[in-house]
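Student: Please take a close look at one part of this model, the part facing the DNA. Then set it in its surroundings.

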2 protein chains.
Amino acid sequence: MRDKARAQTTVGEDLLFLTDDQLRRGIEAMFFAYRAFTADPDMILADLDYGRAHHRALHFINREPGLTVTSLLAVLGVTKQSLNRVLRTLIEDDLVQSRVGIRDRRERQLHLTEKGVSLERRLSEAQRVRMRTAYRNAGPQAVAGFRQVLEAMMDPETRSQYQAMKDLPEER
Amino acid sequence: MRDKARAQTTVGEDLLFLTDDQLRRGIEAMFFAYRAFTADPDMILADLDYGRAHHRALHFINREPGLTVTSLLAVLGVTKQSLNRVLRTLIEDDLVQSRVGIRDRRERQLHLTEKGVSLERRLSEAQRVRMRTAYRNAGPQAVAGFRQVLEAMMDPETRSQYQAMKDLPEER
DNA sequence: TTGGAAAGTCAACAAGGCTGTCCTATCAAG
DNA sequence: CTTGATAGGACAGCCTTGTTGACTTTCCAA
């Protein structure tokens, strides 16, 4: 404990960044940063009687129009019942359209309406503003490291999912 | 929109990392990573009928023994009523001690009991394991970038708080 | 001695997780 | 054509953790 500074040193490699203290700093940074990260869209949502869960649904439907309820479920990692409550209000409020599946009529393919697109844009823009500022202040190298650590922190299956979904459908 | 790749380029600086697409990737990485980040302690907590809020209280009391309820409130950013509910169960269960303040007898100074220290250690160790692996896999440079971006993302007041609280009380 | 800060408590409410159960529509295989 | 499995939806009820608002007690400092 006294010599935690010298813990686990390998050939010529300085592992000071792996001390418990450094890890704790990272843990706290995650907590504070995530709180800020969600704060901006939360304020917009509060006015509209929506919550974070609605934002998440809008985000992933926007990113992959036509995705099924089951896929969305998998991405969000919540129960069907929990998602359904959120989805129902979004559909009632005409932000999301649920269309019968093309290949399989049991499935429902989810799309944003114009209203949905517009709210999604408003929410994600608020989030991007903060992200953009942070990125700019930190610089490209820091951003690369940021992304690397976050990826390394994910559960393996989530990471695969995340890495697989690189594409956003372009307007063409 | 077509030429988003060339958006905002300055003298010799490549700002590709600031495209909306890159920002979106970062936003999603935060979502997925944070979910993983909280998953490990959440599992331990579920068994004990505690929640994330209990963990957070334990964490910050451990980090700064003797801090007052008001300070803790400020750090956590929740209401007195919300914290109080959590704090009460922790005190009832003999994980936290609330002592009348020394300088100001209105204040309550919070300390972990041995039981509290032991649970805190268990929880934070679970979180550190993941963090340590991620750090190791990403390397020191990535970690530096990670921390830089997270700090840049915080609200200014939070960031000051965060930067000010570098020290953990050493066993002496 | 008195105003105000710190702390605590009660009540009520909402979001968004969860489990469990049940139902319908549909597909696919036998 | 039946039958089992899958996709989706709905309802009920529970929990945690956040919120507001109102009120009390304690106690410091002017």
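Student: How do the residues of the surface near DNA strand C divide into nonpolar, polar and charged?

Tutor: They divide into three nonpolar, 10 polar and 10 charged. Ala, Val, Leu, Ile, Met, Phe, Trp, Tyr, Cys and Pro count as nonpolar, Asp, Glu, Lys and Arg as charged, and the others, Gly among them, as polar. The model is predicted: local features need pLDDT of at least 70, side-chain atom pairs count only at pLDDT 80 or more, and totals for chains, interfaces and linings use all residues. Residues are numbered from 1 along each chain as its sequence is written, while chains are lettered from A and ligands numbered from 1 in the order in which they are written.

Stay with DNA strand C. There are 23 residues around it, and Gly51(A), Thr79(A), Arg105(A), Thr70(B) and Glu107(B) come nearest. A residue is near a strand if its C-beta atom, placed from the backbone, lies within 6 Å of it. Both chains contribute helices with at least two residues each: H2 (52–63) and H4 (80–92) of chain A, H3 (69–76) and H4 (80–92) of chain B. Helices (H or I, at least four residues) and strands (E, at least two) are DSSP runs, numbered from the N terminus. H4(B) supplies the largest share, four residues.

Now DNA strand D. It is surrounded by 25 residues, the closest being Thr70(A), Gly51(B), Thr79(B), Ser82(B) and Arg105(B). Two or more residues come from each of H3 (69–76) and H4 of chain A, and from each of H2 (52–63) and H4 of chain B. Here H4(A) gives the most, with five residues. The surface near DNA strand D holds five nonpolar, 10 polar and 10 charged residues.

Asp94(A) sits between H4 and S2 of chain A. Its phi is positive, about 60 degrees, although Asp94(A) is not a glycine. Most residues other than glycine have a negative phi. Asp94(A) counts as exposed because it has 11 C-beta neighbours inside 10 Å; the limit for exposed is 12 or fewer, buried needs 20 or more, and partly exposed lies in between. Asp94(B) occupies the loop between H4 and S2 (96–100) of chain B, and its phi is also positive, near 60 degrees.

Strands pair if DSSP finds at least two bridges between them. Five bridges join S2(A) to S3 (108–112) of chain A, and Gln97(A) stands opposite His111(A).

Finally, the two chains together. In chain A, 48 residues are in contact with 47 of chain B, contact meaning C-beta atoms, placed from the backbone, within 7 Å. H1(A) provides the largest share of chain A's side, 16 residues. That side has 27 nonpolar, eight polar and 13 charged residues.

The largest nonpolar core has 42 residues, and Val149(A) and Val149(B) touch the most other members. Such a core is a set of buried Ala, Val, Leu, Ile, Met, Phe, Trp, Tyr and Cys residues joined through C-beta atoms within 7 Å. H1 (20–47), H5 (114–138) and H6 (140–153) of both chains each supply at least two residues of this core. Beyond its neighbours within four places in sequence, Val149(A) is in contact with residues including Ala134(B), Tyr135(B) and Phe146(B).

Conventions:
Two residues are in contact if their C-beta atoms, placed from the backbone, lie within 7 Å.
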